[in-house]
Amino acid sequence: MTDAELLAAADAIAARAYAPYSEFHVGCAVLCRDGRVVEGVNVENAAYPLGVCAERTTFSRAITEGYRPGDFLVAAITASPCGGCRQWLVEMGVERVLFRNGGRIVEMSPDELLPEQFDAGQLGA
């Protein structure tokens, strides 16, 4: 699957987002190493902190379906990922991230997106 096709999948799935408060629909499509694409959308809640970003929905679905960190090649997102989702991208071991930002398509590694990420290995150190 090409980057353009993966981004088109993210665009298409964004229409299914549940965003009645912000009306900001976000889609995420992740290409797995086995060639499968897992998709997700943002889901809002009237209690704003309880909403879920498209990236977290996508990776939660993938983990539920048996995928594990390191199984993901590319994540395509219809918007720049928030700080929390940048940590998810790092932790899930995604190799590349594509996203729309200001009318352009940006490609970065998770390390570029979050250079000083939280390292769970430091717990108890």
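Is Arg96 buried, partly exposed or exposed? I found that Arg96 counts as partly exposed, at 26% relative accessibility. For that label, buried means under 20% relative accessible area, exposed means over 50%, and partly exposed is in between, with a 1.4 Å probe and protein chains only.

Before going on, I noted the ground rules: this is a predicted model, so local features need pLDDT of at least 70 and side-chain atom pairs count only at pLDDT 80 or more, while totals for chains, interfaces and linings use all residues. Residues are numbered from 1 along each chain as its sequence is written, and side-chain values use heavy atoms, with hydrogens and water left out.

**Salt bridges**

I searched the whole structure and got six salt bridges; the criterion is a side-chain nitrogen of Lys or Arg within 4 Å of a carboxyl oxygen of Asp or Glu.

I stayed with Arg96, whose side chain meets that of Glu107 in a salt bridge (3.1 Å, N to O). This pair links distant parts of the chain, with Arg96 in strand β4 and Glu107 in strand β5 (residues 104-108), eleven residues apart. Helices (H or I, at least four residues) and strands (E, at least two) are DSSP runs here, numbered from the N terminus. Glu107 is partly exposed at 47% relative accessibility. Asp3 joins in as well: Asp3, Arg96 and Glu107 are linked in a network of salt bridges.

Next I looked at Asp11 and Arg100, whose side chains form a salt bridge of 2.5 Å, N to O. Asp11 sits in helix α1 (residues 3-14) and Arg100 in strand β4, so the pair ties together parts that are 89 residues apart in sequence. I read 32% relative accessibility for Asp11 and 31% for Arg100, and both residues count as partly exposed.

I also wrote down Glu65 with Arg61, a salt bridge of 3.1 Å, N to O. Glu65 is partly exposed at 37%, and Arg61 is partly exposed at 38%.

**Nonpolar cores**

Which residues touch the most other members of the largest nonpolar core? My list reads Phe59, Phe72, Ile77, Leu89, Val94 and Val97, out of 20 residues in that core. A core here is a set of buried Ala, Val, Leu, Ile, Met, Phe, Trp, Tyr and Cys residues joined through side-chain atoms within 4.5 Å. At least two core residues come from each of β1 (27-32), α2 (54-64), β3 (72-77) and β4 (96-101). Apart from this core I found another, of nine residues, including Leu6, Leu7, Leu31 and Ala76.

I then checked Val94, leaving aside its neighbours within four places in sequence. Val94 is in contact (heavy atoms within 4.5 Å) with Phe59, Phe72, Leu73, Val74, Ala75, Leu89 and Pro110.

For α2, I listed Ala54, Glu55, Thr58, Phe59 and Ala62 as the buried residues. They cover an arc of only 125° around the axis, which puts them on the same side of α2; the arc is that of the directions from the helix axis to the C-beta atoms. Their cover includes β1, β2, β3 and α3. Just after α2, Gly66 takes a positive phi of about 105°.

For α3, the buried residues are Cys85, Arg86, Gln87 and Leu89, and what covers them includes α2, β3, β4 and α4 (110-113). I picked out Gln87, which lies in helix α3 (residues 83-91) and has a relative accessible area of 16%. Beyond its neighbours within four places in sequence, Gln87 is in contact with Leu114, Gln117 and Phe118. Gly93 follows α3, with a positive phi near 75°.

**Loops and surface**

Where is Glu23? I found Glu23 in the loop between α1 and β1, exposed at 65% relative accessible area. Glu23 has a positive phi of about 55° although it is not a glycine.

Last, I noted Val52, in the loop between β2 (37-41) and α2 and partly exposed at 34%.
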